[in-house]
Amino acid sequence: MNARRGPHRPPAGSEDRLSINPVFVRPGEATEFDRYRLPAGPSLPETAYQIVHDEAILDGNSRLNLATFVTTWMDDHGQRLYREAFDKNMIDKDEYPATAEIEERCWRMLADLWHAPDDADAIGTSTIGSSEACMLGGLALKRLWQERRRADGKPTDRPNLVMSAAVQVVWEKFCNYWEIEPRYVPVSPGHLVLDGEGLEQYVDENTIGVVAVLGQTFTGLYDPVAAIAAKLDEIEAATGFDVRIHVDGASGAMIAPFCQPELDWDFRIARVNSISTSGHKYGLVYPGVGWVVWRDSSVLPESLVFHVSYLGGDMPTLALNFSRPGAQVLLQYYQFLRLGRDGYRAVQQNSLDVAQFLSGEIERMGPFDLVSRGDTIPVFAWTLKAGHTDVWNLYDLADRLRMKGWLVPAYPMADDMSDTVLQRIVVKVGLSRDLAASLIADIRAEVDFLDRLDAPLPRERTTGSGFHH
């Protein structure tokens with residue numbers, strides 16, 4: 001019997017069998033874990049890995065996620081750098097001084113890119129994302145307004161912030177958390193962006209600032225910052241209210257400097273106090289990094305800067321979060337060095353070209369009206385033509401495309417246009433012209449399928465937006 005087993009084969013029941021058994025049939029490990037309670041004891045790392053891995057593969061394919069603005073692809077060297085730096089804590093500047101220095105280089109590069117009047121006097125910081133960057137920009141506006149009001153002996157208990165009804169939800173959160181009255185300027189078919197029209201109806205002595213969005217989440221359209229500033233000039237001449245602008249450039253602030261350099265939107269406009277952007281969107285970095293830059297030290301109240309004694313030294317910090325990843329800051333610097341201005345221009349223009357190819361093909365299909373074309377940021381939206389069908393809607397098309405792996409969200413427009421349903425595509429690096437052609441073929445096939453229906457699909461309608469800042 002031993003001879004038949006062979007000299008190196010362990011006896012039945014030996015613990016050595018665990019090293020050769022496939023993970024799914026290991027004795028005692030082929031059972032289901034409780035999903036909501038910590039297990040009583042440990043499991044082998046291979047088993048824990050396999051369970052988490054198998055759960056995660058049920059997610060969608062990130063390359064086919066055309067809902068998110070967030071970067072889903074970096075090159076091999078970027079991924080290598082990420083692996084080398086994922087343990088760095090951005091807040092620990094004493095332990096990681098080189099990373100802290102690189103952080104400053106990055107925001108100074110952005111200050112220069114956005115035409116800060118004096119690079120040496122600009123101030124900036126990295127953040128966990130563009131939402132935190134927006135909050136810091138808004139807080140600076142509030143503190144400046146409070147300081148002016150107190151100096152004039154006036155009350156500071158009724159601040160308000162003016163913005164388009166189509167802003168991203170971070171601004172609603174900002175006003176909620178810091179007790180500021182939000183004043184939303186409605187959108188309409190003739191005014192899909194905040195263009196300054198009727199702005200005097202919303203601005204008063206308690207207005208801390210106006211938010212201009214360079215690339216709306218709903219449509220990809222730009223708020224015309226220069227037109228907003230010109231209207232605020234008129235308001236100041238008539239009333240004396242000196243109201244400044246924060247540019248929420250989550251996406252557009254990393255597109256316009258390279259692909260629309262003639263557009264007047266940044267610190268070249270004197271009323272622009274601060275600009276925020278998302279490094280993990282069109283900054284081309286994996287998630288979790290944003291940036292905010294102030295035009296000079298006079299528009300960033302010192303009260304927002306903390307000086308913390310931490311790990312043996314004085315550490316000035318300007319952030320809502322404390323511990324946060326440092327790796328993404330290094331990845332941002334990598335992309336700045338790797339691409340430079342010409343490289344960013346080439347990458348972003350390619351995304352714009354793919355977006356406009358897609359929007360043109362969708363417009364030619366017949367059932368759709370374009371709301372935007374992907375010629376601002378590489379994002380565009382469309383509606384279903386009135387009267388085309390009473391059998392299906394854009395939510396049905398989104399569901400059909402999801403069956404093929406594509407995430408192409410449908411959602412209602414903001415506030416006064418909430419009865420208008422849009423569908424939107426976000427084009428990012430990694431969505432090639434070849435993949436785009438496959439998407440168009442799938443959209444045509446699903447539209448043909450839906451047009452052949454003689455009754456609505458038997459399912460509950462959904463109204464979720466499926467998009468992210």
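Author: Let me begin with a term we will need: a crossing is called left-handed if the near helix is turned anticlockwise from the far one by less than a right angle, and right-handed if clockwise. Please also keep in mind that this is a predicted model.

Reader: Fine. What does the chain come to in helices and strands?

Author: The secondary structure comes to 11 helices and 13 strands. Of the 469 residues in the chain, 50% are buried. Taking contacts between residues at least 6 apart in sequence, 71% of them join residues at least 24 apart.

Reader: Let's go to the helices, then. At what angle do H3 and H9 pack?

Author: Helix H3, residues 76–85, and helix H9, residues 327–365, pack at an angle of about 150°, and their axes are 9 Å apart. Angles over 145 degrees count as roughly antiparallel, and H3 and H9 are therefore roughly antiparallel to each other. The crossing in which H3 passes H9 is right-handed.

Reader: Which residues make that contact?

Author: On the H3 side they are His77, Gly78, Leu81, Tyr82 and Ala85, while H9 brings Ala327, Gln328, Leu330, Leu331 and Tyr334. Sorted by class, the contact of H3 with H9 has 7 nonpolar and 3 polar residues, with no charged residues.

Reader: And H4 against H9, how are those two oriented?

Author: Helix H4, residues 97–113, packs with H9 at an angle of about 45°, with the axes 9 Å apart. H4 and H9 are therefore oblique to each other, and their crossing is left-handed.

Reader: Who meets whom there, and how do the residues of the contact divide by class?

Author: From H4, the residues Thr99, Ile102, Glu103, Arg105, Cys106, Met109, Leu110, Asp112 and Leu113 meet Val329, Leu330, Gln332, Tyr333, Phe336 and Arg341 in H9. The residues of this contact of H4 with H9 divide into 9 nonpolar, 2 polar and 4 charged.

Reader: What about H9 and H11, at what angle do they cross?

Author: The axes of H9 and helix H11, residues 433–451, come within 10 Å and cross at roughly 20°. That angle makes H9 roughly parallel to H11, and H9 passes H11 in a right-handed crossing. The contact is made by Val354, Phe357, Leu358, Glu361, Ile362 and Met365 of H9, together with Arg433, Ala436, Ala437, Leu439, Ile440, Ile443 and Arg444 of H11. By class, the residues of the contact of H9 with H11 divide into 10 nonpolar, no polar and 3 charged.

Reader: You listed Cys106 in H4. How many disulfides does the structure hold?

Author: The structure holds 0 disulfides. As for Cys106, this residue is buried, with a relative accessible area of 0%, and Cys175 also counts as buried, at 3% relative accessibility.

Reader: Changing topic to loops, where is Met90, and is it buried or exposed?

Author: Met90 is found in the loop between H3 and H4, and at 2% relative accessibility Met90 counts as buried. Leaving aside neighbours within four places in sequence, Met90 is in contact with Thr99, Ala100, Glu103, Ser126, Arg324, Pro325, Gly326 and Val329. Met90 and Thr127 are 37 residues apart along the chain, and their C-alpha atoms are separated by 9.5 Å.

Reader: And Phe241, what does that one touch?

Author: Not counting residues up to four places away in sequence, Phe241 touches Val203, Asp204, Glu205 and Glu236. Phe241 sits in the loop between helix H7 (225–239) and strand E5 (245–248), and with a relative accessible area of 25% Phe241 is partly exposed. The C-alpha atoms of Phe241 and Val203, 38 residues apart along the chain, are separated by 8.2 Å.

Reader: I also want to check backbone angles. What phi does Glu179 have, and what about Leu284?

Author: Most residues other than glycine have a negative phi. Glu179, although not a glycine, has a positive phi of about 55°, and Leu284, also not a glycine, has a positive phi of about 75°.

Reader: Where do they lie, and are they buried or exposed?

Author: Glu179 lies in the loop between helix H6 (169–177) and strand E3 (181–185), and at 67% relative accessibility Glu179 counts as exposed. Leu284 lies in the loop between strand E6 (272–278) and strand E7 (290–294), and at 5% relative accessibility Leu284 counts as buried.

How values were computed: Residues numbered from 1 in each chain as written. Predicted model: local features only at pLDDT ≥ 70, side-chain atom pairs only at ≥ 80, totals over all residues. Heavy atoms only, no water. Disulfide = S-S within 2.5 Å. Buried < 20%, exposed > 50% of the residue type's maximum accessible area, 1.4 Å probe, protein only. Axes fitted to C-alpha atoms, helices over the stretch in contact; angles between N-to-C directions. Helix = DSSP H or I, 4+ residues; strand = E, 2+ residues; numbered from the N terminus. Parallel < 35°, antiparallel > 145°, perpendicular 65-115°, else oblique. Contact = heavy atoms within 4.5 Å. Nonpolar A, V, L, I, M, F, W, Y, C, P; charged D, E, K, R; others polar.
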